[in-house]
Amino acid sequence: MSKQFVKLLLLSIAFATLSIPFATAQNSIDLSGKWGFQLDPMDFRIQVGGLDFRHATQLQDSILLPAITDDYEHGFKSPYKYIYRLTRAYEYMGPAWYQKYIIIPQEWEGKRLILNMERCHWLSTVYIGSKAAGKTDYISVPHRHDLTGRLTPGKENNMYV
């Protein structure tokens, strides 16, 4: 069975679904739950000519989504306690990778597929194989990536985020 790779780079995902636009709950996949996870503070994810092969494997750690990196003590413990703004328990500012195996229902063949992510901080890039499939750079709106024709219905797809 051939596996397709979808890679998406972002700092945190609070909620993610894969769906057919304007659909009911039966036409969406809730992507919450256990994901592979790995910080990439040295930004090794992209090498000349495409995606670095080291990230096309099982990621080293895991995280339960919806969550933020603070929940799993990823990053550097913050020594500060601000009284005039929220203080993150663990600070991390840099790339992070997420990975989940998903199966697209066979009846979704030929349908438009949208990856919806809320509360991304702030850049997300989707890769399928070693090629970028989309990029969103917004801080206050959900990120939506059109994956139509890039995922195989009825087969296991290895999705990297």
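**Exercise 1.** Work out whether Glu73 is buried or exposed.

*Solution.* Start with the cut-offs: buried means under 20% relative accessible area, exposed over 50%, and partly exposed in between, using a 1.4 Å probe and protein chains only. Glu73 has 52% relative accessibility, so Glu73 counts as exposed. Next, look at the backbone: Glu73 has a positive phi of about 55 degrees, although Glu73 is not a glycine.

A word on what you're looking at: this is a predicted model, where local features need pLDDT of at least 70, side-chain atom pairs count only at pLDDT 80 or more, and totals for chains, interfaces and linings use all residues. Residues are numbered from 1 along each chain as its sequence is written, and side-chain values use heavy atoms, with hydrogens and water left out.

**Exercise 2.** Find where Arg119 sits, and check its phi.

*Solution.* First, the place: Arg119 is in the loop between strand E11 (114–118) and strand E12 (123–128). Strands (E, at least two residues) are DSSP runs, numbered from the N terminus. Then the angle: phi of Arg119 is near 60 degrees, a positive value in a residue other than glycine. Last, the surface: Arg119 has a relative accessible area of 59%, so Arg119 is exposed.

**Exercise 3.** Which residues does the cis peptide bond join?

*Solution.* Go to Leu65 and Pro66: the cis peptide bond joins these two, with omega at about 10 degrees. Now place Pro66, which is found in the loop between strand E7 (61–65) and strand E8 (76–77). Glu73 from the opening exercise lies in the loop between E7 and E8 too.

Terms used. Helices (H or I, at least four residues) and strands (E, at least two) are DSSP runs, numbered from the N terminus.
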